[in-house]
Amino acid sequence: MKNKIKAWLWLGFALVWLAIFSGLFAISMGWIGYLPPIEQLQNPIDKYASQLIAADGEIIGSFAHSGTNRVFVEYKDISPNLIKALVATEDIRFESHSGIDFRGLARAVVKTGILQQKSGGGGSTITQQLAKMLYSPPSSNFFTRMMKKPVEWVIAAKLERYYTKEEIISMYLNQFDFLYNAVGIKSAAYTYFGKTPDALSVEEAAVLVGMCKNPSVYNPVLRRNSPLPLERRNTVFQQMVKAGYLTEAEADSLSRLPITTSFHKMDHKQGTAPYFREHLRKIMMADKPERGDYASWQYDRFRSDSIQWETNPLYGWCNKNHKADGSPYNIYTDGLKIYTTIVPAMQRYAEEAVEEHVGQYLQPTFDRERRARGGDPFSTSISKDQREAILSRAMRQSERWRLSKEDGLSEQEIKAQFYKKTKMQVWSWRGMRDTVMTPIDSIRYMKGILRSGFMAMDPHNGHVLAYVGDINFSQFQYDMVSDGRRQTGSIIKPYLYSLAMIDGASPCDEVLHVQQSYRLDNGQVWTPRNSNHRRVGELVSIQWGLQNSDNWVTAELMSRTSPITFKRLLESYGLRGPIEATMAMSLGTPEATVGEMVSGYTTFVNDGVRIDPLMVTQIEDMHGNIVATFTPQMTEVLTADAANKMLYMLQNVVSGGTGGRLRSSFGLQMPLGGKTGTTQRNSDTWFMGFTPDVVAGCWVGGEERSVRFNTMSFGQGAAAALPVFGKFIKKVYADKRLGYSIGTPFKMPIGFSPCADAGDVEAVEVFEGEPEETPVTAP
């Protein structure tokens, strides 16, 4: 009888193992459960954020999918402290097993499962945990949940077959989610300690490894007032002692240390050049423009995007290029290294210049003027109905309106809410501030915030050196450098003057300075206004006209060519928006972005060749293979002679014209050229400027064109936009590390004379004001 019982027990034992091995074999063959295809096991599905690298090698951000920020890091770049802590804590026999630690599994079954000991530990190896992260999504299906652990065993065994122990450690640490968008050890090391993974100390490594048990419970930031993170870190020290990686004395000493973090939350709205990064993301992931994807009123946008798709290699790059498996690149998941042209120091100087002038000087000045007119940000020149229309539109576009609609409130009830005072936070240059006001007043307040766009680039290779799309990316995400189109005012005048130079004119040619009327092709008469009444009735040079931004001289030059010819030239200068071919174009009715205008002004420094902005020089895949390189796109716009004449005249705009404040107020000594611009009623203010090595442009204005200064004292380009350029250039040339020298001259032919007789060029008094520009609409 005893022998029979033994036989039955052995038979049962054999049948159990036979069932286990049969089940595992069935799983490995894919007959039951889910097993990833063999090619996925050989090349696991992994998702890594693409990194953006600045011109100096600094990582300025990343593109991550669904809030994650996983950045690939190789085993050799991981601190040994981290590896030892991980192995000691999570899988002490990691080096000796083949994916499944049967000894640890048995211990877990007996101690944790049967004896219910909390210290019994789990039976999962590092390899099994990796298999779970890679291939075991949560499921509510009972059979799937029952098969989950056996499937993990099979996957773990296969991972051990295809990968070395080092590769498995690396994959595990690259996959783990440490919270706060820090997915992977590289993001985690930076987020919690401001370090790279190879620089982590023993105590910092122990904190991160401790979080692997539960990143929420043992998080030193989330649980800063709880003893659990410290206790868990010290447990890791004790595990390292058991593994022989630390002595008792070392563990005791380390356990006395507090947890010290240097927290940097990964947020795409913060960090270096956020507008630049977002613009890059949009254009790299753009689909080919199809007319059906645009509303009827978006034709101009469709046209602009189509031109970009055809001419800009970076536009739609991910969809134009494919990986070895034939699928398109994905900047969120393919771990690309994108080498950008941004210079962090210059980016910082650009942001500082915008904040110092617009935020610290111009905005308080505008606020004082606004208070004087009863707190209304809108110009006194617009009607009450126009004000109400602007506020009504903004109200309906607000998040408060959308949420109230979803709650089922009627329009009348929603509007009533907008006129009730409530506690809220509003943005200011000094940070978010608590206040009590009506939502409609908060709209008025935000409409009164002055906005700005600024970009600087190298005129010789097209590198975009600094890019400020607006004043604060967290609050104002509309990009005025690449997306916002505003009337150009007088900054477009050099383009017309260059056309005159192409036609054989010289800066010294003279015109009669009087107001004239011009009959247009449609029979109407155009009589441009001019607030500059000096030298009326005298002969003045073309150079004088440009230096003083004179509308009468400009109109006379426009009358000597055709609007169609000038329109084609503007397109050569890089303007991609709609342009109505009328004589009023010459005074600034066409709209353009800051980026387009900065690109256009490179023509004057480059012997007549315009260079497109270049934002990326090279892209590498996650393995370090170069998959794309980018070179500047160039367009010949002017003859070299015409370009040199324009360069000469634009330098005189700074030396003796509307740009004179760069010399008198900012004390800039390097060679300079530039042009101010102001549109009708001070709606838009501009300054375009350049040195031999940097071209930059700035726009300042309100979100609405009716948000503007009432007077020219602050509402002109020379006062509102020029100082941003001046502050930026002063900071750049003062930083010797950047390598710019005030002694570097513009490259002009030896003996170049802008006129037949250089002695004929008249001296012009410095004039820091600027006449009001063209009417908003052409006649």
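Throughout the tour, contact means heavy atoms within 4.5 Å. Helices (H or I, at least four residues) and strands (E, at least two) are DSSP runs, numbered from the N terminus. The model is predicted, so local features need pLDDT of at least 70, side-chain atom pairs count only at pLDDT 80 or more, and totals for chains, interfaces and linings use all residues. Residues are numbered from 1 along each chain as its sequence is written, and side-chain values use heavy atoms, with hydrogens and water left out.

First stop: a pair of helices. Select residues 493–502, which form helix α20, together with residues 640–656, which form helix α25. At their meeting place you will find P494, Y497, S498, M501 and I502 of α20 against A642, K645, M646, M649 and L650 of α25. By class, this contact has 8 nonpolar, 1 polar and 1 charged residues (Ala, Val, Leu, Ile, Met, Phe, Trp, Tyr, Cys and Pro count as nonpolar, Asp, Glu, Lys and Arg as charged, and the others, Gly among them, as polar). The axes of α20 and α25 are 9 Å apart, and the helices pack at an angle of about 135°, where axes are lines fitted to C-alpha atoms, for helices over the stretch in contact, and angles run from 0 to 180 degrees between N-to-C directions.

Next, select helix α10 (residues 228–242) and helix α11, whose axes come within 9 Å and cross at roughly 170°. On the α10 side the contact is made by R233, N234, F237, Q238 and V241, and on the α11 side by E248, A251, L254 and S255. Sorted by class, the contact of α10 with α11 has 4 nonpolar, 3 polar and 2 charged residues.

Although T261 and P220 are 41 residues apart in sequence, they are 7.7 Å apart in space, C-alpha to C-alpha.

Finally, select Q515, in the loop between β9 (510–512) and β10 (518–519). Leaving aside neighbours within four places in sequence, Q515 is in contact with T527, P528, R529 and W552. Show side chains here, and you can see that the side chain of Q515 reaches the backbone oxygen of P528 at 3.0 Å.

Definitions and conventions. A polar contact is a pair of N or O atoms within 3.5 Å; within protein, one must be able to donate a hydrogen and the other to accept it, and residues adjacent in sequence count only if both atoms are side-chain atoms.
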